Amino acid sequence: MCNSPGDFYSLPIYVAPISSHFLFENQPTSLEFSGTISSPFSRNSFCLPFLMATRTRFHSGESTSPFTNQNLLKHPEKEVCSFDDADIAARRASGAFPDGAVIFPFDRTLRSDVSSKEWICFLAYPFSLGLRYPFPEFMMQFFSTTGLSFAQTMPMVWRMLIILNQIKTFHVPDLCIVDIPIAYHLRSHGNSRFLLFSTSSNPLILKVTRNEDGWQRKFFFVIRDSIAEGDSLPMKWLTTGRV
């Protein structure tokens with residue numbers, strides 16, 4: 001049964017300390033976020049059963065393949081996808097996507113840097129933080145503003161975006177994406193993947209710089225027209241940062 005537009009998802013909050021250099025109205029010296037936030041992601045527009053693409057449709061080796069390799073990975077042989085059909089089934093069952101989303105079956109010949117007009121590459125990592133798609137509006141604005149693809153966005157950026165979204169939700173409602181360059185610059189970190197680098201020796205958000213083992217190999221593809229805003233998401237990786 002489809003939820004009504006008033007229904008909300010409960011989203012676990014990533015816990016990280018906030019620097020005292022981030023000025024709140026009450027001027028706390030330190031702050032940790034924990035608990036949940038509510039995000040108004042209605043399933044009202046997605047009442048179809050959750051579908052999965054068949055193996056006979058659009059295999060990467062066929063001439064009809066909708067995937068084009070951008071050849072941006074320095075060592076593509078080390079980035080073979082490890083997110084298999086069992087992982088895809090678990091992601092589908094978790095409710096990470098609305099009903100009706102179509103996920104491409106596991107194909108170890110595909111790499112995360114392929115471009116496609118029909119399919120979008122998602123990393124498994126942001127969903128491990130408790131996110132669901134559509135991502136919060138603030139986060140979606142970040143990607144539409146920068147032109148970054150989800151698959152080229154490194155783990156620390158996802159963690160920072162979650163924290164910034166919480167700050168906007170609970171403390172600074174006027175916080176906008178255009179404010180980010182005041183504190184952070186978007187830079188490539190090899191293989192056309194991007195990080196946010198602090199413009200100061202005293203970063204606003206602490207302890208988000210650690211990497212995650214194997215995150216590059218955990219990805220999957222969802223057909224664009226089966227999810228909200230799919231047609232407007234980037235079709236290929238960005239090679240020059242715009243923030």
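This briefing walks through ring contacts, charges and a few backbone features of the structure above. The model is predicted, so local features need pLDDT of at least 70 and side-chain atom pairs count only at pLDDT 80 or more, while totals for chains, interfaces and linings use all residues. Residues are numbered from 1 along each chain as its sequence is written, and side-chain values use heavy atoms, with hydrogens and water left out.

**Aromatic rings**

- Rings of Phe, Tyr and Trp (its six-membered ring) pair if their centres lie within 6.5 Å; planes under 30 degrees apart are called stacked, over 60 edge-to-face, and the rest tilted.
- By that rule there are 25 aromatic pairs.
- Take Phe104 and Trp119, an edge-to-face pair at 5.0 Å centre to centre with 80 degrees between the planes.
- That pair ties together distant parts of the chain, 15 residues apart: Phe104 is in the loop between strand 7 (102-103) and strand 8 (114-115), and Trp119 is in strand 9 (residues 119-123).
- Helices (H or I, at least four residues) and strands (E, at least two) are DSSP runs, numbered from the N terminus.
- Phe104 is buried at a relative accessible area of 4%, and Trp119 is buried at 2%.
- For these labels, buried is under 20% relative accessible area, exposed is over 50%, and partly exposed is in between (1.4 Å probe, protein chains only).
- Phe142 and Phe143 also pair edge-to-face, with 5.3 Å centre to centre and 85 degrees between the planes.
- Phe142 is buried with a relative accessible area of 0%, and Phe143 is buried with 2%.
- Both belong to a cluster linked by ring pairs, which also takes in Phe83, Phe97, Phe122, Phe127, Tyr133, Phe135, Phe150, Trp158 and Phe220.

**Charges**

- A salt bridge here is a side-chain nitrogen of Lys or Arg within 4 Å of a carboxyl oxygen of Asp or Glu, and the count comes to two.
- Arg193 and Glu79 make one of them, at 2.6 Å from N to O.
- Their positions are 114 residues apart, with Arg193 in the loop between strand 10 and strand 11 and Glu79 in the loop between strand 6 (68-69) and helix 1.
- Arg193 and Glu79 are both buried.
- Arg159 and Glu212 make a salt bridge too, with their closest N and O atoms 3.3 Å apart.
- Here Arg159 is in helix 4 (residues 155-170) and Glu212 is in the loop between strand 11 and strand 12 (219-223), 53 residues apart.
- Arg159 is buried at 0% relative accessibility, whereas Glu212 is partly exposed at 21%.
- Asp107 is buried but has no salt bridge, and the nearest side chain of opposite charge, Arg111, is 7.1 Å away; Lys and Arg count as positive, Asp and Glu as negative, and His and the chain ends are not counted.
- The charged end of Arg187 sits over the ring of Phe197, 5.1 Å from its centre (the cut-offs are NZ of Lys or CZ of Arg within 6 Å of the ring centre and within 35 degrees of the ring normal).

**Hairpin and backbone**

- Strand 10 (residues 184-188) and strand 11 (residues 194-198) pair antiparallel over five bridges; pairing takes at least two DSSP bridges between the strands.
- Ser188 has Phe194 of strand 11 as its bridge partner.
- The two strands form a hairpin with five residues between them, and Gly190 in the turn has a positive phi of about 85 degrees.
- Helix 1 is followed by Gly95, which has a positive phi near 80 degrees.
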